[in-house]
Amino acid sequence: MGCAEFDELLVQLVDYAYEQTTFDDEALRLARYCLLDSIGCAIAASSDSDCMRLMRGAQFSRHSEGVPVAGTALRLGPVEAAFHLGSMIRWLEFNDTWLAQEWGHPSDNLGAILASAAWCSLSENHPTVNMTDVLHTMIRTYEIHGVLCLSNCFNALGIDHVVLVKVASSIASAQIMGLSKAQALSALSNAVIDGHSLRTYRHAPNAGTRKSWAAGDATARGLQLALFAETGEMGYPTALTASRWGFNEAVLRGSPLNLSRNLSDFVIKNILFKVPNPAEYHAQTAVEAAINLRARILAEGFSPEHIESVRVETTRPAIQIIDKSGPMKNSADRDHCLQYMVAVGLKTGNLTINDFHEPVASDPHLETLRLKITCTERPSFTESYYDPEKRAIPNALFLKCYGREEEFTETIEYPLGHVRRREECFDALLTKFHLNLSNSPLHDHSVFLSETLISESKLDAMPVLDFLKMFAWD
């Protein structure tokens, strides 16, 4: 089956992924920081009991010759290794983010990229893959995933954004495994026609921990479809455009999947890092504003108990995703509740991973404060959010204290991890990495590991297996 028979967009995505051009120093520097941040998130997740409970139940391919899984002592087959790595990177709602018509997390694809690269290196039939290969594949995968987010809106159809993880991971796996373009198109077309997750688990009343492993599931599936393609499994040339049964009509209700810009290195250079708080990204500036307001009210002799009301003016996507009322049933509910995250920031002056769990979650004073917080859309914020020249994520807080007529106000347009505040965030990312490793067996080596991860001379030529072994338990 020739490549020319496939839908033009599918061919365009694969051609880009297989380009031999190199990327400039800035793109590669940002890829190293994305890798550092993602691995740090995975290590931090190894201390989360819910995460490890699920990981212990998904070890059917344990073998001493398998892929090393960062944050564990496991060696697994490639698909389960991708699931573990992808799920652990995503679990704590702390990895990098991309916002547009669709929302997503490009580092979700690292499960497939690292597992497939390691699996190749373990095979006698494939050359050893080094971290230069991984970084270049990362940049291209981020680009495919992120540019597809710009103008294709799955959430409006009730479909979860991990559909794009599956799509991007299928291409990345095929490319790094050295498959032909025809085989990559087979994997990609199978990803396109696969069943796609609903957003049920991200929204009340069903918000739950599946949102923490959905990306691991999708990246593992992308790799699995590439492994199928390697055996000669057929592809589906008009997976997008077939009348009635194709993706465009059956899933997108007649709207074509499209690319709104040429593929280059735009996404990696504009990626959104989460520093320093593990808040859903639309709440990042709201939490930062809450922490600033807390300092201001304390300076004037007030305390969180004096707060009468808080009004948050935000974007339409924030209203859609994280404006929640009613009982918070679990940590997944809380980390997708703007009111809860703002309340924690106001009460404690911070927001950490532990704040989504007991005993913080059952603090009656925190609950009282949460109930005083309301959210409304400010249309100009939504406009700046979608403006390609701004890509702002603004929030404005208006806080009223008993006994004070004038409101305290704080507006922040761009979070710390935004490209407009890029140089501020690198030191914070290193601090975050050290904190993420602080409760792990690697805590004494965090400085050495961080220096290795951000160094071209130390990281790039390293075989991927050696890299993964650095972050696995003995």
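A cavity is a set of grid points where a 1.4 Å probe fits but cannot get out. The views below come from a predicted model.

**View 1. The largest cavity holds about 140 Å³ of space.** By this rule, the count comes to 5 cavities of 30 Å³ or more. The largest is lined by 14 residues. Trp-91, Leu-92, Ser-331, Asp-335 and His-357 lie nearest its centre. Its lining divides into 6 nonpolar, 4 polar and 4 charged residues.

**View 2. The second largest cavity has a volume of about 110 Å³.** Its lining has 16 residues. Closest to its centre are Trp-103, His-105, His-161, Glu-280 and His-336. Strands E3 and E4 (103–104) each supply at least two lining residues. By class, the lining has 5 nonpolar, 6 polar and 5 charged residues.

**View 3. Trp-98 and Phe-266 form one of the 8 aromatic pairs found in the whole structure.** Their ring centres are 5.8 Å apart and their planes lie at 90°, so the pair is edge-to-face. The cut-off for that class is over 60 degrees. Trp-98 lies in strand E3 (residues 98–99) and Phe-266 in helix H11 (residues 266–269), so the pair ties together parts 168 residues apart in sequence. Both Trp-98 and Phe-266 are buried. Arg-391 lies over the face of Trp-98, at 4.2 Å from the ring centre.

**View 4. Phe-467 and Phe-471 make a tilted pair.** The ring centres are 5.3 Å apart, with the planes at 55°. Phe-467 is buried, with a relative accessible area of 0%. Phe-471 is buried too, at 0%.

**View 5. Arg-404 lies over the face of Phe-408.** The distance to the ring centre is 3.9 Å.

Definitions and conventions:
Residues are numbered from 1 along each chain as its sequence is written. This is a predicted model: local features need pLDDT of at least 70, side-chain atom pairs count only at pLDDT 80 or more; totals for chains, interfaces and linings use all residues. Side-chain values use heavy atoms; hydrogens and water are left out. Rings of Phe, Tyr and Trp (its six-membered ring) pair if their centres lie within 6.5 Å; planes under 30 degrees apart count as stacked, over 60 as edge-to-face and the rest as tilted. Helices (H or I, at least four residues) and strands (E, at least two) are DSSP runs, numbered from the N terminus. Buried means under 20% relative accessible area, exposed over 50%, partly exposed in between (1.4 Å probe, protein chains only). A charge sits over a ring if NZ of Lys or CZ of Arg is within 6 Å of the ring centre and within 35 degrees of the ring normal. On a 1 Å grid over the protein atoms alone, a cavity is a set of points where a 1.4 Å probe fits but cannot get out, and a pocket is an open set with protein on both sides within 12 Å along at least five of seven lines; lining residues have an atom within 4 Å of a point. Grid points are joined across faces, edges and corners, and a volume is the space filled by probe spheres set on the points. Ala, Val, Leu, Ile, Met, Phe, Trp, Tyr, Cys and Pro count as nonpolar, Asp, Glu, Lys and Arg as charged, and the others, Gly among them, as polar.
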